[in-house]
Amino acid sequence: YVTEGLEERRNIKYKILLFFLLATFFTVIPVKAMTPNVEYIDYIYSNRIGSDKTYSGQLGYIIDDNRFLYCLDPYHIIGQDYGINNDYFNTLSSDTLDYIKMISNYNNSALQNRSPHYYMAAQELIWEKLFGEGKFFWTTGINGTGSIIDVSNFKNEIKSYVDNFFKKPSFDESVIRGDFYTIVTLTDTNNVLSNYEIINESKNQVWISDNTLYIHILSSDLENIKLVRKYDGGSPIYYHNDTNQDLAYLTSYVENISQIKVQASNKYSENINIQYLDEEDSSLINGNVNFKITNDNYENKLSTANGNYITTLEEGKYRLETENVPYGYLLPDLVNINVFEKNFFINQTFTVFLKKPIGKLNISVEKEGLYQL
């Protein structure tokens, strides 16, 4: 009875699992195929010189959902029932993909006004980027007949914008070094710096004014500073058809990144202010104080007559030892001075309070000699 019940429960589990698998299979929603709308333009024909023949066809705006598409395969005719497969973008280098995306980005506003010469110029630039120059031209008649339509001025306009977008500041990939706390200025001779924004991944302070980059050196680490120029947009879409030309929506986000590395050329240091104060009224000690600042391999004997002393110390652990104070005061304890870049104080003040004795011991001696108290 127990065995039969166990077997029955197993059968129920298998039936439930089979039900869910079948339900999942039959509820998969198929991706809807895209068929582009083509608005043909009278008296404009593209001519594409192939390895076997010259292909020719009437130019048309290729549109899907109010978005302008571009042909990525000039040697096939346009088709129907396109599927989206963005993996095809992986067959292009990132530089090539960004370049043709920027061609589309620049053209986007012109195409809203149905400017055919910009569409022709952009399509030709995209083909040239993918297949090389000297293979494409436009005519007023099919198969190269009629008059040649020259769109070189439009191509140059688009290309100038795209080339400028990808132009980096003249100091791109530089390694910049300067003393701690100094401000280094870098002037961009390419005159594109104003188009960039700063992504500061360092401890340094960085800002842009006009055509100059300012860097306040605040770190001994070799650190990265990025400059990014962006064209805001969505994502590109690749439309593939096994037998017809591939299409793409290319108006999308592109970024151009420039970077420099920055590092302090000297050791980290801090301004150290040492103050000797009267413990009773916190006034500066008026009188000669002798002291020394030391560490394991450094010693500097110093003095002050007004209770205040300012110096600069490089990174390290130091000891402040007072050796002599004015009459009426007791020698203070040793003081530790720590200078560490990780704390980054820039300025530190160390206050040493001098105490007066609570009593006085008068000793009279009757003759010269050595005495010990």
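Biologist: Is Leu 373 buried or exposed in this model?
Modeller: Leu 373 is exposed, because its relative accessible area is 84%. Exposed means over 50%, buried under 20% and partly exposed in between, with a 1.4 Å probe and protein chains only. The model is predicted: local features need pLDDT of at least 70 and side-chain atom pairs pLDDT 80 or more, whereas totals for chains, interfaces and linings use all residues. Residues are numbered from 1 along each chain as its sequence is written, and side-chain values use heavy atoms, without hydrogens and water.

Biologist: Where is Leu 373 found?
Modeller: Leu 373 lies in the segment after strand E22 (347-354). Strands (E, at least two residues) and helices (H or I, at least four) are DSSP runs numbered from the N terminus.

Biologist: Changing topic, which way do the side chains of strand E7 point?
Modeller: They alternate along E7 (residues 175-178).

Biologist: Which strand pairs with E7, and is the sense parallel or antiparallel?
Modeller: E7 pairs with strand E15 (residues 254-264) in the parallel sense, over 4 bridges. Two strands pair if DSSP finds at least two bridges between them. Gly 178 stands opposite Ala 264 in E15.

Biologist: And what is the order of the strands in the open sheet?
Modeller: The open sheet has 8 strands in the order E4-E13-E14-E3-E2-E1-E5-E6, with antiparallel pairing. Strands E4 (83-84) and E6 (148-149) are at the edges, and each pairs on one side only.

Biologist: How many bridges join E2 to E3?
Modeller: Strand E2 (residues 54-64) and strand E3 (residues 67-71) run antiparallel and are joined by 3 bridges. Ile 63 has Phe 68 in E3 as its bridge partner.

Biologist: How many residues are in the largest nonpolar core?
Modeller: That core has 46 residues, and those with the most contacts inside it are Ile 103, Trp 138, Ile 158 and Tyr 239. A nonpolar core is a set of buried Ala, Val, Leu, Ile, Met, Phe, Trp, Tyr and Cys residues joined through side-chain atoms within 4.5 Å. Helix H3 (residues 116-131) gives the most to this core, with 8 residues. A second, separate core of 35 residues includes Tyr 196, Val 206, Ile 272 and Leu 354.

Biologist: Last one: how far is Asn 286 from Thr 304 in space?
Modeller: They are 9.1 Å apart, C-alpha to C-alpha, and 18 residues apart in sequence. Asn 286 is in the loop between strand E16 (269-278) and strand E17 (289-295).
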